[in-house]
Amino acid sequence: MATTRRAFGRDAWSIARTYWTSEEKWSAWGLLLAVVAINLGTVCTSVGINAWNRSFYNALQTFDVEQILRQLGIFFILGSLGIALSVFAVYFQQLLQLRWRRWLTQRYINAWLSNRAYYQLQLTDEVDNPDQRIAEDINQFTNYVLTLSLGLLTSLVTLGSFLFILWGLSGPADISLGKLGAVHIPGYLVWVALFYAGAGTWLTVKVGRPLVQLNLAGQRLEGDFRFSLARFRENAESVASYGGEPVELGIFQERLQNICKNFRMIMERQMRLNWLTQGYAQVALVFPLLVILPRYFAKQIGWGGLMQVASAFSYVYNSLSFIINRYPDIAAWQAATDRLTRFQEQLFELQAPASAQRQIVIRRRGHAVSIDNLDLELPDGTPLLRGIRFAPVRGEAVLITGPSGIGKSTLLRAMAGVWPFGRGEISVSERHSLFVPQRPYLPLGTLANALLYPPMARNGFPVDRLKSVLREVGLDGLVEELDVVDNWGQRLSLGEQQRLGFARVLLAAPALLFLDEATSGLDEPWEARLYSLLRSGSWQPTVISVGHRSTLLRLHDQVFDLTRFISLRGQVVLPLPSSLSTPVALAGSF
């Protein structure tokens, strides 16, 4: 358990320290000091109110009306000050949390997007629901760190202040041990409070410890459920066309059932914890009176002193009961810290230049693409392709073919710099290159934004040019909707999305173009027309395509067939139809 606590503390500090040593450190520390000072002010106010209890109740006991009115005025001042300090403490703490969450969220988002870490995490499946970790876990982490750390600090200061008061008020106790004599205990109320709170804390930790793993599992299950709902919404048309509602309903019910099952376990564990904490709190209401009554009956302390002791005792045991009262929050904080730590480890491992997962060297040189002795692997290290050598002529079109699963798209993604798993060297054009997937991504916003994605300066393309390129690719019906905001990914069919993808290519004019089944949703005439637009472009792009259609053969200069090769003295020669140009050579065998 000690090792676990040390690991948790190390992980929490690893996440937290980045902000407190960042470019915002001075404003962060300034806000933190302000919050600490305000919280210390509230402790001083509590000490003043505790002293007021003695004076006020003594005045009541002696029916001193003038003193009672004076004490009511003092209470108004102390109460107003306490209210103001409490309000400002919450405000500045929330402001600090907001700034911290914003900075930490931006840091994780930047790391998530850098070097396509989001894509690699999806391939390796090492981290579930990264969106949830960024949106929710960071918020929980910053909230719990500030709330719990400031609460702990306030509790410690309160404890020190009221232990001193309680020591002076409680007096000694003599406990008879029969023939052995008596034990003299100075400040016995302090020791009673320490024992009472210590026993309660030990029982709380013992009963509530399983909540950490239950909360961790609950966050994962909630993220899985939300992901399934969002995925269903994004693929609503496909589900509707298949009539797959019963299947989707089964998936939703299964994931919801898992959430409910885990939550029931949390409820049961929380109920046990509540039995303990609620009983502890109720007994604490009368416990200090019971232990001080002997001194009251012995007339060693007055009514005002009795109420002051009871108040001081309540502050002491509340301070000592910090873990008892906040254990559910501590458990949730540990769960959020664990999820963020795993996420951070994966993210920054992917950023390391010498990472074992990124051994494919991408070099920017030349005007086309060339591969020298490239090995491709699956994310788990399983070999996929070996010893690839590939160097098409600049300005030519090469078609990569083969049966499904052999690695066509993987090879294309490796050349585009998307697939990191393997080893070898790939040289790509120094000029702009572009990868077009089977279903182009269409961001939310206007049609013009979707057309110019990834961001190309709109000022560099007059509206007439945008309209003309839409007409060239057969999207005449959209030329007047450039400024219309819509969910274009759902509104447009696959064929229309692929046309829009080619419109982007015509605008971007890349020197090197990768097409992954980019015409699968088009009929053959339009497929031929779009390829002809590329081949007739003034920028003369090198085109590398993946596809299964036989009609693609006549649209390319060479074929790179991963299934049709023979070994010849260490070289693999891909045989081509006689109507095509010289075959592409590969080294090694697959």
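Mentor: Buried means under 20% relative accessible area, exposed over 50%, and partly exposed in between, computed with a 1.4 Å probe on protein chains only. This is a predicted model, in which local features need pLDDT of at least 70 and side-chain atom pairs count only at pLDDT 80 or more, while totals for chains, interfaces and linings use all residues. Residues are numbered from 1 along each chain as its sequence is written, and side-chain values use heavy atoms, with hydrogens and water left out.

With a salt bridge taken as a side-chain nitrogen of Lys or Arg within 4 Å of a carboxyl oxygen of Asp or Glu, a search of the whole structure finds 16 of them. One of these pairs R99 with E24, whose closest N and O atoms are 4.0 Å apart; R99 sits in helix α3 (residues 65-113) and E24 in the loop between α1 (2-20) and α2 (25-61), so the pair links distant parts of the chain, 75 residues apart, where helices are DSSP runs of H or I with at least four residues, numbered from the N terminus. E24 counts as buried because its relative accessibility is 16%, whereas R99, at 24%, is partly exposed.

E24 also meets R102 in a salt bridge, at 3.5 Å from N to O, and because R102 belongs to helix α3 while E24 lies in the loop between α1 and α2, this pair ties together parts that are 78 residues apart in sequence. R102 is partly exposed, with a relative accessibility of 41%. Through shared partners, the salt bridges join E24, R99 and R102 into one network.

Notes. Helix = DSSP H or I, 4+ residues; strand = E, 2+ residues; numbered from the N terminus.
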